[in-house]
Amino acid sequence: MSKAFFIDTTLCIGCRACQVACKQWNQLPGLKTANYGVYQNPPDLTFETYKVVRFNEESGPDGKPRWFYFPDQCRHCIEPGCLLESYAVPNSIFIDSLTGAVLFTDKLRGVSFDDVRGGCPYDIPRKEKETGYMSKCTMCAERVYNGLLPACVKTCPSGAMAFGDMDQMVAKALDRLKKVRTVHPKAQVLDLNDVRVFYLVADEPKKYHVFADARPTTGFMDRKTAMRKIGRSLKELALQRRYMHGMDV
Ligand code: SF4
Ligand code: SF4
């Protein structure tokens, strides 16, 4: 049974403990940042930032700010667009059979970063300029293999993050959705059938983050890449499908 995260943004208090725990466990350095007028820090995911709590706000009916916190990370997709784009170098990305974690390997340096990032409907992968390595959340697979929770889940003080067997997390999400809908009629669980990290949001997903739910995956392609993709032969597409389903290519 693969694992899943359920992230209930209605319980998130924007404390960023999950962001810090991720850095700490993965021994990732902090970044020097500057105040750019909002509470979110750092401004975006980076090669050394696998998780970032996004802060958006609107003015509520009483004139007070209403916050939309969104702890953004890789969704460990069931059929990952990043993996689809990496078919030219087999096993550069793979899905761990026990946990379902989608994992990047060093072989990924042989694949175009624009293709990998462009293939992700949530705009997650990031690259180190100097080395060409790519990175993202690993689901803390090494912790999970040892019976521990991912570091972010373990540290969350409000109960906004849960992790466990997929069917249990789905049940938890749907149960919680039913309750939240009595107060927030627009509440929804995002892309539940397609990912292993699903978010409950109380309002329109775009109020949280432009990539909160899946977006078309051509955003980062230049014209040349787009033309090449349009021209891809049926043979290549068949190879991609076989690779996605674990057959030899
Ligand atoms: Fe790949 Fe993006 Fe899905 Fe993560 S969210 S598995 S990087 S396609
Ligand atoms: Fe939200 Fe929990 Fe992360 Fe704090 S640790 S920002 S409450 S998800």
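This is a predicted model: local features need pLDDT of at least 70, side-chain atom pairs count only at pLDDT 80 or more; totals for chains, interfaces and linings use all residues.
Which residue in β10 is the bridge partner of V189? The partner is L200.

**Strand β10**

Strand β10 spans residues 197-201. It is mostly covered, with five of its five residues buried. The side chains split by direction. V197, Y199 and V201 point one way. F198 and L200 point the other way. Both sets are buried.

| Strand | Residues | Sense relative to β10 | Bridges to β10 | A residue pair |
|---|---|---|---|---|
| β1 | residues 3-8 | parallel | four bridges | D8 opposite L200 |
| β9 | residues 188-189 | antiparallel | two bridges | V189 with L200 |

**The chain as a whole**

The protein chain holds eight helices and ten strands. It has 249 residues, and 47% of them are buried. The accessible surface comes to about 13100 Å². Carbon and sulfur atoms contribute 54% of that surface.

**Around ligand 1**

Which residues come nearest to ligand 1? They are C74, R75, C77, C82 and C120, out of 14 residues around the ligand. By class, the shell contains ten nonpolar, two polar and two charged residues.

Methods. Residues are numbered from 1 along each chain as its sequence is written. Chains are lettered from A and ligands numbered from 1 in the order in which they are written. Side-chain values use heavy atoms; hydrogens and water are left out. Buried means under 20% relative accessible area, exposed over 50%, partly exposed in between (1.4 Å probe, protein chains only). Accessible areas come from the Shrake-Rupley method with a 1.4 Å probe; for residues, only the protein chains shown count as cover. A residue is near a molecule or strand if one of its heavy atoms lies within 4 Å of it. Ala, Val, Leu, Ile, Met, Phe, Trp, Tyr, Cys and Pro count as nonpolar, Asp, Glu, Lys and Arg as charged, and the others, Gly among them, as polar. Two strands pair if DSSP finds at least two bridges between them.
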